[in-house]
Amino acid sequence: MCLSIPMQVVSWDGEGDFAWVERTGRRELINMMLVGPQPVGTWLLTSLGLAREVVEADQLAQIEDALAALDAALAGDYDPALFFQDIPPR
């Protein structure tokens with residue numbers, strides 16, 4: 001299973017279907033073949049060097065929340081009251 005990570009387009013690599021994307025200081029050259037040309041500033045879900053889909057602002061917030069929850073769980077600091085506020089309680 002692969003985890004797609006949101007990254008933001010920062011520039012295009014001249015010719016072809018490749019763009020530079022960044023996230024928290026990490027920079028990567030990815031293939032844009034599946035999503036086509038996207039303007040600088042666009043957020044994408046990326047996996048294994050490939051842009052899979054364009055991410056809208058509301059989706060991005062939910063993904064960032066889930067990634068923060070994962071980081072907290074891995075660090076042993078997970079508190080369910082702090083994450084996934086968009087999910088109604090049972």
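Visitor: What should I know before I start?

Guide: The model is predicted: local features need pLDDT of at least 70, side-chain atom pairs count only at pLDDT 80 or more, and totals for chains, interfaces and linings use all residues. Residues are numbered from 1 along each chain as its sequence is written, and side-chain values use heavy atoms, with hydrogens and water left out.

Visitor: How many helices and strands does the protein chain have?

Guide: Helices (H or I, at least four residues) and strands (E, at least two) are DSSP runs, numbered from the N terminus. The protein chain has 1 helix and 5 strands. From the N terminus, the order is β-β-β-β-β-α.

Visitor: Which residues make up the largest nonpolar core?

Guide: A nonpolar core is a set of buried Ala, Val, Leu, Ile, Met, Phe, Trp, Tyr and Cys residues joined through side-chain atoms within 4.5 Å. Buried means under 20% relative accessible area, exposed over 50%, partly exposed in between (1.4 Å probe, protein chains only). Here the core holds 9 residues: M7, V9, A19, V21, I30, M32, V35, L44 and A51. β1 (5-12) and β2 each give two or more.

Visitor: Where is T24, and is T24 buried or exposed?

Guide: Most residues other than glycine have a negative phi. T24 has a positive phi of about 40 degrees. T24 sits in the loop between β2 (18-23) and β3 (26-31). T24 is exposed, at 78% relative accessible area.

Visitor: What is the phi of L48?

Guide: Phi of L48 is near 55 degrees, a positive value. L48 lies in the loop between β4 (43-47) and β5 (50-55). L48 is exposed, with a relative accessible area of 77%.
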